[in-house]
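Open the model in your viewer and keep the sequence panel beside it. The stops below are meant to be selected in order.

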Amino acid sequence: MVLPLLFGIIGTSGDRQDMIIIGIAAFASIITIVQFWFYHYWLEEDRLVVKEGILFKSLRQVPYERIQNLNIERNLLHKFFKVGTLQVESASGVKPEAVVRVVADEQIKHIQQVIKNKANVHAKNAAIDLDSDHDEAVDSAADDSKPMYQMSNKDVTSYGFITHKALVPIGIVGSVLSQNDFYRQKFINVVQKFVGDLHIEQWALTQWLIYGAAFVVVMMVTIWLSSIALAFLKLYQFKISKIDKNLHAEMGLLTKITANIPIKRIQLIKIKHSPLHRYFKKVSVKMETAGGVTEQSGITMKWLAPLVSKFNAQQLIAQIQPEVDWQDIKWLNLESRAWKRVFKRMMLLVLVPMLPLVFYYQWIGLTPLLLTPLVFLYAKAYINKAGYAVNDQIIAYRHGVFFHTLSLVKIAKIQNISYLQTPFDRRNKMARLTVDTAGSNPVTQEINLHYIDVEKADKLMAKLSDKVSESKFVW
C-alpha cells in the first residue's frame, strides 16, 4: 500500500484537504502492518485456531474436516521473498476463516499436509486434497490428468475484448488523477503535442464532431487494450482439471493462483452471454460454492470456463455433474400476460426522471416518451425469453434480453424455498419463488422465479418441498 500512497502524493497542492487524505491513507498503510503483529494461528490435534485483532479480539476454531478449500496466491513479490498468501475456507459464510498474506513456502507445505492428514482421519467420507506448488505428489497428479478445460491465448484476448473489465479501473484512476495538479498538467501537455492548444470556444461543429469521434475511438481502444491486458494478468494459462472428486484450477501471469474445489461444494452453475458473447459464439460458465467467499474478502475461484462454446460448456458441466440428465430438462414459460407488468415497471423508470424535465423545459421534457415503443418491445422479449425448469434432479431459471443468464441448482443443494407475494402479485394472481443454497448471493438471488400464476406456484412449491425433503442433502 505504500507505493500507491507515494504515487498519489506526487503533485498534490499541499492544502489541508490533501494532507488530511494523505494522513488517512498513511494511517491505513501503517495499520495493515501493525495488525499482523496481533495475528496468530496454530494447529491443534483436531482444528486450526486463528486469533487476531488489535482492539477487538477474535478467536476462530475451524475443525479440519470442516475446511472446504485452501487457496494459494503468489505474485512477483511473493516469489522473490519465497512466501505466499494462504486462504482457508469453510462453508460458514462470506468471509474466509483465515487469510494470511505472508506465509513461508515451507509453512504452506506443512499446513497443507497437516490439514490433509487430519481431515482424512476425522472424515474418511470427505476426502479433501489441498494442493500446493511444493506438493510433488499433487502436482504430478495434476500434470498427468488431462485438463477438462484450458484457455488459449486467443480465448483470453477475446474474453478481455468482450468483458471490458478495465472500464471501471480506468474511470477510477482517471477521476483520482484528474484531481491532482501534477498529473493533470502532464496529461494536458501530452494532448497538446498532438492537437496543439485547445481553443474550445472557437470550435465549429465539424471540429466538435472530428475531435469527439477521435476521443471516442481512443477511449475504446484504450479500454479494449487495457481489458485484454487485465485478462492476461488474471486468466493466463487458465486450466481446470478433475482429480478424484476435486476440481484443480490454475491461472495467472504475474500472480499465480492455485485452488482445489471439492465438486460436492459447488452449489450453483451459471451460464452467461452478452451480445459480444453471441458474436464470438461463446458463453461464460461460473459457479457458486458453499460459503460464498467474495473477491472483497479473499481469493476467489468462481470460474469453470471464462470463455467456451455453448456445446463445450454443456460437455464440461456434464463431466462435473454426470448425474444430471440434460435431455430431461423441459423449459416452461412465464405467464404471457406478465409483459404488462414489465412494461409498467420500465415505464416508471422513464416517467419519474421525466417530471423535472417537463417542469424546466415544458414540452421538450416529454422527449423520453419516444422510448415507449422500445420499452414495449423489451417487455415482450423479456417474457418470451424467460423460463424455468424443474425435474427430479435440478431446478433452473433463465432470463435476460441482451444479457442472458441461465442458473442451475441441484435439488440436493437446496437449503431453503421461499414463496413470496407482493400487492402487485396478489392483484394479478401471481407469485414468485426463490431458492437458496449454501453459496447463494443475497443480492443477485439467481433462482428467483417471477410472474408465475398463483396456482402453478402453489403446485411448484409443493413439488419442490417434497423433492427437497426426500433428497439427502450433500454439503
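The tour goes from the whole chain to one helix pair and then to the cores.

This is a predicted model, in which local features need pLDDT of at least 70 and side-chain atom pairs count only at pLDDT 80 or more, while totals for chains, interfaces and linings use all residues. Residues are numbered from 1 along each chain as its sequence is written, and side-chain values use heavy atoms, with hydrogens and water left out.

**Whole chain.** Show the cartoon: the chain has 15 helices and 20 strands. These are DSSP runs numbered from the N terminus, helices being H or I of at least four residues and strands E of at least two. Of the 475 residues, 41% are buried (under 20% relative accessible area, with a 1.4 Å probe and protein chains only). Contact means heavy atoms within 4.5 Å; among contacts between residues at least 6 apart in sequence, 57% join residues at least 24 apart.

**Helix α6.** Select residues 153-163, which form α6. Its buried residues are Asp-155, Val-156, Ser-158, Tyr-159, Gly-160 and Ile-162. The elements covering them include β7 (149-150), α9, α10 (275-280) and β13. Step past the end of α6 to His-164, where phi is positive, near 55 degrees.

**α6 against α9.** Axes are lines fitted to C-alpha atoms, for helices over the stretch in contact, and angles run from 0 to 180 degrees between N-to-C directions. Show side chains for the contact: α6 contributes Asn-153, Val-156, Thr-157, Tyr-159, Gly-160 and Phe-161, and α9 contributes Trp-224, Ser-227, Ile-228, Ala-231, Phe-232 and Leu-235.

**The largest core.** Which residues have the most contacts inside the largest nonpolar core? Select Tyr-149, Phe-238, Leu-247, Val-285, Met-301 and Leu-304; the core has 36 residues. A nonpolar core is a set of buried Ala, Val, Leu, Ile, Met, Phe, Trp, Tyr and Cys residues joined through side-chain atoms within 4.5 Å. Strand β13 (303-308) is among the elements that each supply at least two residues, and its share, five residues, is the largest. Centre on Leu-304: leaving aside neighbours within four places in sequence, its contacts include Ile-240, Ile-269, Lys-286, Met-287, Leu-316 and Ile-320.

**The second core.** Finish at a separate core of 33 residues, with Tyr-388, Ile-447, Ile-452 and Leu-464 among them.

Notes: Buried means under 20% relative accessible area, exposed over 50%, partly exposed in between (1.4 Å probe, protein chains only).
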